[in-house]
Amino acid sequence: MNTESTGLFSTLTRRSFLRTATSVAAAGALGDGLDLLAQAEPKFAAILVPAGAHPAVRSAAEILAKKLSLDNDAIKESLDTDTLPKGMISLVFKDAKGVSATLTSSIARDGYAVSAMDGRLIVCGARPRSLLFAAGETHHWLDRTAGTWTRNPEFAMRFASHHGDHSVAEQVAILGANNFVAQLHASVSLKDEMPEVYAKLSPSVQQRLAATEADDMKRNTALVKEFHDADVEVFADLPYGNNFSRWSEGLYNAFLAVYPSAKGTPEEHSWERAALCPSDPATWKLFEAYVRECARQSQADGVACTFWDQFGIFCHDERCQKNGLDQFKNELHAAITHYYAAVQPMGKKLHLRTWSSGCPHWLGADYVHAPGYSNFSQSHYELWSRVINDTPKQILIQTKVYHSDCEPDPRFSTLLGHCKPHPEIVEYQMVGQTIGRHYFPAATVAYTAWTMKKAHELVGVDGGAEISPGGTNQSNYDMYADLLNSVDIFAWRELTWNLNANPAQIYSDWAAQMYPAQAAPHMAKAMLLSEDAANLCWSPLGHGSATNSDFAGDIERRETLLRYTNRYYLPEYAKTLEPTKENVARIVAEKQKCLAGIDAMFAELEAAKPHLTEAQAAEISTRFDWFREFAICNTALDVSLWRFRYLRAQAAMLTTDPAEVKPLAEAFDAVTQHAPKLFAFDPAQKFTCYDVPLGQLRVKPNLGSPVRLMHEIYSKSLAFMEASVGPDYLPKEFIRAEVEINVPTESQRQRM
Ligand SMILES: [Zn+2]
């Protein structure tokens with residue numbers, strides 16, 4: 001567990017206490033607030049819990065004690081609330097004897113209510129975890145002196161991915177979540193399930209699996225207990241997709257040695273594989289055995305499976321062509337049906353993640369089908385229709401809110417709201433994937449606010465919301481401890497409990513937890529500004545960028561990405577792809593707005609700086625600087641790409657536009673000048689979100705180089721010009737000697 005005093009966990013603690021201190025210390029004297037901590041008298045002296053209460057209640061009391069700077073000795077067992085003395089917080093259940101109906105009547109689902117009276121607080125939960133939820137958001141109720149405050153969740157189910165660095169109870173408290181998906185590793189050997197396959201494994205592999213199974217089971221037992229002690233359920237993550245050769249190469253080969261007819265026949269040029277044939281009964285015997293064994297060893301309440309790509313059973317042999325199992329929607333139906341058949345008799349649940357992204361396209365020699373993204377492929381609903389209509393309704397269906405990969409500001413999913421009678425869950429993959437991987441400020445609060453509201457209308461109060469907080473391709477990273485991007489976690493929590501929470505207020509409440517009082521409003525503003533700046537940085541004209549935020553290596557790759565992450569890949573948005581001077585002007589204006597937004601972020605940082613700690617100021621300055629340098633290069637590339645597209649179209653009409661040479665040369669110079677400044681840092685510097693100094697990170701902060709792509713765009717653009725005007729009329733002051741301009745031949749031009 002992370003015991004450092006950083007991030008949402010303990011900064012919440014510190015700031016809540018500070019606010020408690022305002023009632024005794026003079027309000028407004030908190031300028032250098034942190035020093036006041038030692039002087040302030042605590043407002044509460046003890047926390048009372050019911051005798052013999054559920055472990056979750058004890059954890060809630062401990063989190064509260066930490067926030068109030070009380071020792072665990074201050075947690076006392078109590079049987080009744082009638083004689084609650086002043087300075088006490090009492091944790092009770094709604095069905096406990098003596099708890100007034102005025103307090104309990106408004107509690108719904110697993111919510112809670114707080115009654116405040118004359119220096120006493122009674123916190124009443126629907127069930128044990130409700131008290132953890134209360135402990136995670138004391139900023140809403142700790143300062144109350146009178147009346148009753150009720151807090152009920154907007155969604156019956158709140159799912160979260162588990163983060164191993166923090167205790168489950170703390171994650172439950174911070175997120176207000178009641179279901180988790182965790183890595184509960186299983187060492188599947190199929191020794192009991194399919195001994196004939198097991199026998200084909202080498203003795204050394206058999207021994208290794210037996211040894212790791214015992215270790216896995218022990219670890220899983222302890223972790224699952226932690227979830228149940230926090231009064232929440234846990235699902236074990238199955239391996240991604242359903243390409244069995246990726247799940248376990250050893251078992252795959254052993255299986256095919258016994259059942260050779262189960263080998264799949266791939267479609268020619270398909271990016272999807274056909275490790276196994278779904279028409280062969282042995283295939284499903286294997287899948288069921290494997291899933292059952294994962295479920296057994298995990299000891300979880302259910303299993304979670306993910307079907308985005310890597311289907312692995314996209315088989316096109318005669319059998320599948322005849323019975324329709326060469327179609328994605330039938331394969332999905334078969335897979336989900338068999339997974340469910342494996343876990344249902346064990347009394348375990350099945351959680352299914354769906355998604356669709358990108359229009360169909362060629363990736364080298366392979367065809368990417370991108371099923372379920374509408375327009376050129378089948379619709380999201382059509383892809384999942386058999387699963388929705390023809391599998392047991394107990395299966396939970398979770399869909400990413402993003403209808404493209406993943407942010408910034410993508411279209412809303414077209415599947416949400418269409419999966420009934422299955423319970424539906426809206427997924428937020430908050431990993432910063434296409435907005436700088438959380439190296440930079442990457443707030444998505446306004447987006448989460450409007451999409452959460454819309455999702456709730458579609459999935460209803462019995463539906464769910466999910467969050468996966470983390471950092472794609474980052475090492476040593478902890479989003480909870482991130483002094484910038486923890487705002488996205490805070491916002492998700494707030495909105496899943498109050499759909500009408502206002503984004504500006506969320507930024508403000510979050511900043512009040514994280515920063516000294518006089519810095520907080522400026523940091524709230526800086527992060528609010530970052531949301532638009534990031535969207536504009538990675539999304540030229542509403543189209544997307546690289547899946548992992550990095551620079552594309554060449555034009556071909558960049559144009560493939562435009563197809564793949566183009567969030568408006570619909571005919572009505574085609575005009576924004578047109579290679580026109582108007583679109584060049586639009587993208588110039590858009591990118592200027594992005595850079596102006598970053599300047600405004602810096603202005604807020606300057607205003608906050610005198611009130612930040614030295615470490616906070618240094619970290620934020622470094623990360624804002626990283627963002628600015630990246631954005632300068634990225635905007636130069638995006639604008640130049642559109643100029644290139646414009647000049648390519650002009651060349652196709654046997655003409656050109658000489659006015660483009662100057663801005664292309666300027667973009668070239670900007671990238672040349674700024675590329676060496678990308679991700680500059682002092683190796684000794686320590687960020688809140690990393691557990692080691694920057695120099696010791698296993699994965700160095702880096703998003704690739706913009707130089708190669710800039711050179712290609714520049715040289716090919718000038719080649720188009722020269723093809724029309726000849727070398728004499730290209731203005732010399734805009735020719736960059738380091739780049740060779742190869743005028744394309746007529747036949748090359750036709751292929752461009
Ligand atoms: Zn087949």
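Helices here are DSSP runs of H or I with at least four residues, numbered from the N terminus. This is a predicted model, with pLDDT of at least 70 needed for local features and 80 or more for side-chain atom pairs, while totals for chains, interfaces and linings use all residues. Residues are numbered from 1 along each chain as its sequence is written, and side-chain values use heavy atoms, leaving out hydrogens and water.

**View A. Phe-679 sits in the loop between H21 and H22.** Setting aside residues up to four places away in sequence, Phe-679 touches Tyr-439, Phe-440, Trp-626, Pro-701, Asn-702 and Leu-703 (contact means heavy atoms within 4.5 Å). Trp-626 is 53 residues from Phe-679 in sequence, yet their C-alpha atoms are 5.4 Å apart.

**View B. H21 meets H22.** The axes of H21 (residues 661-674) and H22 (residues 707-725) come within 10 Å and cross at roughly 160 degrees; axes are lines fitted to C-alpha atoms over the stretch in contact, with angles from 0 to 180 degrees between N-to-C directions. The pair is therefore roughly antiparallel (over 145 degrees). On the H21 side, the contact includes Leu-664 and Phe-668, and on the H22 side, Ile-713 and Tyr-714.

**View C. The largest nonpolar core has 161 residues.** Such a core is a set of buried Ala, Val, Leu, Ile, Met, Phe, Trp, Tyr and Cys residues joined through side-chain atoms within 4.5 Å. Helix H20 (residues 614-652) gives the largest share, 17 residues. Leu-91, Trp-141, Leu-175 and Tyr-515 have the most contacts inside this core.

How values were computed. Helices (H or I, at least four residues) and strands (E, at least two) are DSSP runs, numbered from the N terminus. Angles under 35 degrees count as roughly parallel, over 145 as roughly antiparallel, 65 to 115 as roughly perpendicular and the rest as oblique. Buried means under 20% relative accessible area, exposed over 50%, partly exposed in between (1.4 Å probe, protein chains only).
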